[in-house]
Amino acid sequence: ELDASFREGNPCTDYGTTLRINRGGREFWALVGNTDEGYKMYVLAVGQMAQDISVNQLAEKLVKEGFLTLYVNFDTGKASIKADSEKTLADAAGALKAAPTLKVEVGGHTDNVGSPKDNEKLSADRAQAVMAELVKRGVAANRLTAKGYGQNVPVADNRSEEGRARNRRVELVKK
């Protein structure tokens, strides 16, 4: 699918055009323009922004700031971890192995959807699941404890989906 009429973001519409292209389920943008040297084309593939932080940087952050926030994806209303959380868990385990004397609490947090009692149990189960995954990845179990906080410690407003998503988290807190 090609949409050559979409010119948003192109201040040079007198000298070129912006194209939006959907191919193979991906979105691309192309700027085709006429310059003194001939035609030029710039292409951009749309994708999620990635931030690569080394395991050592994560370990330093945990030691210095005292906590790391992990956004681990779970099945709705369950403590089963989704496969797309693999890198998050691998990085967290790597950070803990890079700081081998550090003991941490794995704290589970939920949004405010559901009853407070159910959310407290769910957050505890999720903290336990993350702790088990960290142990599976080589972190000594005696360095970890798990605790569920339910919906009691929000970091964002629960009135929006974005806020609720930020509140559904697991934190590694230095003890």
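# A guided tour of the nonpolar core and its helices

Begin with the largest nonpolar core, which has 24 residues; a nonpolar core is a set of buried Ala, Val, Leu, Ile, Met, Phe, Trp, Tyr and Cys residues joined through side-chain atoms within 4.5 Å. Select Leu62, Leu96, Val106, Val130, Leu134, Leu144 and Leu172, the residues with the most contacts inside this core. Here, buried means under 20% relative accessible area, exposed means over 50%, and partly exposed lies in between (1.4 Å probe, protein chains only). Two or more residues each come from α1 (55-65), β5 (67-70), α2, β6 (104-109), α3 and β8 (169-174). The most, five residues, come from α2. In soluble globular proteins, nonpolar side chains tend to be buried together.

This is a predicted model, in which local features need pLDDT of at least 70 and side-chain atom pairs count only at pLDDT 80 or more, while totals for chains, interfaces and linings use all residues. Residues are numbered from 1 along each chain as its sequence is written, and side-chain values use heavy atoms, with hydrogens and water left out.

**The whole chain**

Now display the chain as a cartoon. It contains four helices and eight strands; helices (H or I, at least four residues) and strands (E, at least two) are DSSP runs, numbered from the N terminus. From the N terminus on, the order is β-β-β-β-α-β-α-β-α-β-α-β. Of the 175 residues, 35% count as buried. Contact means heavy atoms within 4.5 Å. Among contacts between residues at least 6 apart in sequence, 55% join residues at least 24 apart.

**Helix α1**

Select α1 next. Its buried residues are Leu58, Ala59 and Leu62. Seen down the axis of α1, these buried residues fall within an arc of 100 degrees, so they line one face of the helix; the arc is that of the directions from the helix axis to the C-beta atoms. They pack against β5, α2, β6 and β8. On the face of α1 turned away from its buried side, find the exposed residues Glu60 and Lys64. Just after α1, select glycine 66, which takes a positive phi of about 90 degrees.

**Helices α2 and α3**

Show helix α2 (residues 86-98) together with helix α3 (residues 116-136). Their axes come within 9 Å and cross at roughly 65 degrees; axes are lines fitted to C-alpha atoms, for helices over the stretch in contact, and angles run from 0 to 180 degrees between N-to-C directions. The crossing is right-handed, that is, the near helix is turned clockwise from the far one by less than a right angle. Leu89, Ala92, Ala93 and Leu96 in α2 meet Val130, Glu133 and Leu134 in α3. These residues divide into six nonpolar, no polar and one charged. In this division, Ala, Val, Leu, Ile, Met, Phe, Trp, Tyr, Cys and Pro count as nonpolar, Asp, Glu, Lys and Arg as charged, and the others, Gly among them, as polar.

**Valine 130 and phenylalanine 74**

Select valine 130 in helix α3. Valine 130 is buried, with a relative accessible area of 0%. Beyond its neighbours within four places in sequence, valine 130 is in contact with Val72, Phe74, Ile81, Leu89, Val106 and Val170.

Finish at phenylalanine 74, in the loop between β5 and α2. Phenylalanine 74 counts as buried, at 12% relative accessibility. Leaving aside neighbours within four places in sequence, its contacts include Arg126, Val130 and Val170. Arginine 168 is 94 residues from phenylalanine 74 in sequence, yet their C-alpha atoms are 9.4 Å apart in space.
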